[in-house]
Amino acid sequence: MKTYTLLCFLIVTISQLSAQIVRTDELEQYATNNFGKEWLIAAEKIAQEHPLDVNNAFTFIEVIEAPNMDANKIYDELQMWFTSTFTDTKSVVVSSERDRGLIVAKGYIEQAASYTGAFTAINIDITPTFKIQIKNEKIRVTYSVPYYIEFQDESKSIMSAIAGSENDPNNQQTKQNVVLDSTYPYAEISGMNKKARKKAYARALVMSNAYANVILDKLTKVVREGFDGTANEDW
């Protein structure tokens with residue numbers, strides 16, 4: 001392969017891989033385009049459309065049509081996309097089985113939402129899962145968010161800022177998994193920082209929904225055009 005041709009190939013490949021990355025600003029743009037900036041109203045609408053499942057997870061199923069593509073071809077394209085996109089320790093392909101037409105992947109949305117209270121600040125991360133079932137001419141995507149991950153940091157609280165103790169080694173940082181049936185809009189919020197927590201949970205749900213739909217759009221494009229846009233080309 002000539003140097004010029006190889007360079008062009010690498011540029012195109014890098015561009016394609018960069019396009020696969022799902023960024024927070026992309027999710028925010030999707031959410032804003034579809035729901036506006038009223039996070040509370042958007043979260044309430046999403047919760048009405050998608051009640052929690054029997055495991056209290058945010059789960060829904062979508063079927064993507066893939067006309068004239070057999071299961072092996074679909075598997076090849078989606079496997080390439082997932083292994084090129086879910087590539088770090090947090091976003092990973094959990095399993096892939098051609099014989100069963102199955103791909104399972106775990107995504108990650110870092111700092112999907114946050115709030116700052118008097119005594120602690122909280123960041124909310126999300127770990128959605130995708131179960132991809134493949135057969136001739138269609139795929140079924142099961143998307144699920146089983147819980148939110150909350151990181152609590154006393155050093156970022158309002159009181160720490162006032163006291164100037166942000167770097168105090170005695171400040172505690174903790175992590176916990178929070179089930180969605182204890183969060184807004186699936187549950188009423190009470191206690192300290194009620195308003196801020198309500199907004200944060202609303203944003204977390206909207207971002208969870210946006211992540212699902214952005215990935216679904218990308219999978220639909222992969223099925224129609226192939227990982228590199230050459231799915232239907234003869235050669």
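The legends below describe close-up views of a predicted model of one protein chain.

**Conventions for the views.** Residues are numbered from 1 along each chain as its sequence is written, and side-chain values use heavy atoms, with hydrogens and water left out. Because the model is predicted, local features need pLDDT of at least 70 and side-chain atom pairs count only at pLDDT 80 or more, whereas totals for chains, interfaces and linings use all residues.

**View 1. Overview of the protein chain.** The protein chain has six helices and nine strands; these are DSSP runs numbered from the N terminus, helices being H or I with at least four residues and strands being E with at least two. Of the 235 residues, 40% are buried, that is, under 20% relative accessible area; exposed means over 50% and partly exposed in between (1.4 Å probe, protein chains only). Of the contacts (heavy atoms within 4.5 Å) between residues at least 6 apart in sequence, 65% join residues at least 24 apart.

**View 2. Packing of helix H2 against helix H6.** Two packed helices are described by the angle between their axes and the distance between the axes. Helix H2 (residues 24–35) meets helix H6 (residues 194–225) at an angle of about 100°, and their axes are 9 Å apart. Axes are lines fitted to C-alpha atoms, for helices over the stretch in contact, with angles from 0 to 180 degrees between N-to-C directions. H2 is therefore roughly perpendicular to H6 (65 to 115 degrees; under 35 is roughly parallel, over 145 roughly antiparallel and the rest oblique). H2 contributes Thr24, Glu26, Leu27, Glu28, Tyr30, Ala31 and Phe35 to the contact, while the residues from H6 include Arg203, Val206, Ala210, Tyr211 and Lys218. The contact residues comprise nine nonpolar, three polar and five charged. Here Ala, Val, Leu, Ile, Met, Phe, Trp, Tyr, Cys and Pro count as nonpolar, Asp, Glu, Lys and Arg as charged, and the others, Gly among them, as polar.

**View 3. Gln29 of helix H2.** Gln29 is located in helix H2 and is partly exposed, with a relative accessible area of 45%.

**View 4. Aromatic pairs around Tyr143.** The whole structure contains ten aromatic pairs, defined for rings of Phe, Tyr and Trp (its six-membered ring) with centres within 6.5 Å; planes under 30 degrees apart count as stacked, over 60 as edge-to-face and the rest as tilted. Phe58 and Tyr143 form an edge-to-face pair, 6.4 Å centre to centre with 90° between the planes. This pair joins strand E1 (residues 58–65) to strand E7 (residues 138–145), its members being 85 residues apart. Both Phe58 and Tyr143 are buried. Phe130 and Tyr143 have ring centres 5.0 Å apart and planes at 55°, so this pair is tilted. Phe130 lies in strand E6 (residues 129–135), 13 residues from Tyr143, and is buried at 1% relative accessibility. One aromatic cluster consists of Phe58, Phe60, Trp81, Phe82, Phe86, Phe130, Tyr143 and Tyr211.

**View 5. Arg203 over the ring of Trp39.** Arg203 lies over the face of Trp39, at 4.9 Å from the ring centre. A charge sits over a ring if NZ of Lys or CZ of Arg is within 6 Å of the ring centre and within 35 degrees of the ring normal.

**View 6. Surroundings of Ile64.** Ile64, in strand E1, counts as buried at 7% relative accessibility. Apart from neighbours within four places in sequence, Ile64 contacts Glu137, Lys138, Ile139, Val141, Leu216, Leu219 and Thr220.
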